[in-house]
Amino acid sequence: QVIAWAEELGKLYGRGHIALIAKDPSDYRDVMIEGQESGILACSPPWFRPHWEPSLRRLTWPNGVIATCYSSETPDDLRGPQHHKAWVDEPAKWKHAADTWAQLQLGLRLGTSPQTLLTGTPRPIPILLAILADEDTVVTRGKTSENKANRSARSLKTIYTQYEGT
């Protein structure tokens, strides 16, 4: 979705700003950016692969769209910057979930359709319950069984033994 946003924002505005938010810097780097199977770099086609500048916490696509990484450990880093879109990963793990979410919402103000994508395993923390209760929230759920093709038999057995029926 983030790669599609980068293409769309470049076409619409000639530039664009995306926020990538994780629990901490290692999570945004190891999962969101450099993740072997589903990180942005692994999923980007060669002709539209962004340049990753870890010291600047920034990805820049060939069309000029920029994604900046943020950590829930420092929600005030989201004060000031503006974004068109945001990808939020595993908010149930965040140290300052409510503050980070609030700061993101204040800066999610560019373009005609600001949007946030949340990914993760749910946990009934107050901010996630509030997001789910928002009438503008669209929820997509997936079952472990729907992802069998991407899991080993041992992994599936472990998950079903521990969590089946929950």
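Reply: To begin, this is a predicted model. On its surface, L129, L132 and V139 form a nonpolar patch, with about 260 Å² of accessible area together.

Me: What makes L129, L132 and V139 a nonpolar patch?

Reply: Residues of a patch need over 30% relative accessible area and no salt bridge, and nonpolar side chains are joined within 5 Å. L132 has a relative accessible area of 47%, so the area condition is met for L132. L129 and V139 are the other members of the patch.

Me: Why is L132 called partly exposed?

Reply: Buried means under 20% and exposed means over 50%, with partly exposed in between. The value for L132 is 47%, which falls between those limits, so L132 is partly exposed. L132 lies in helix 5, residues 126-133.

Me: Where does helix 5 stand in the overall pattern?

Reply: The protein has 6 helices and 6 strands. Along the sequence they follow the pattern α-β-α-α-β-β-β-β-α-β-α-α.

Me: How do you know that the radius of gyration agrees with a compact globule?

Reply: For 166 residues, the globule rule gives a value near 15 Å; the protein has 17 Å, so the two agree. The C-alpha atoms fill a box of roughly 50 × 35 × 30 Å along the principal axes.

Definitions and conventions:
Residues are numbered from 1 along each chain as its sequence is written. This is a predicted model: local features need pLDDT of at least 70, side-chain atom pairs count only at pLDDT 80 or more; totals for chains, interfaces and linings use all residues. Side-chain values use heavy atoms; hydrogens and water are left out. Patches are made of residues with over 30% relative accessible area and no salt bridge: like charges are joined within 9 Å, nonpolar side chains (Val, Leu, Ile, Met, Phe, Trp, Tyr) within 5 Å. Accessible areas come from the Shrake-Rupley method with a 1.4 Å probe; for residues, only the protein chains shown count as cover. A salt bridge is a side-chain nitrogen of Lys or Arg within 4 Å of a carboxyl oxygen of Asp or Glu. Helices (H or I, at least four residues) and strands (E, at least two) are DSSP runs, numbered from the N terminus. Buried means under 20% relative accessible area, exposed over 50%, partly exposed in between (1.4 Å probe, protein chains only). The radius of gyration is taken over C-alpha atoms; the globule rule is 2.2 Å times the number of residues to the power 0.38.
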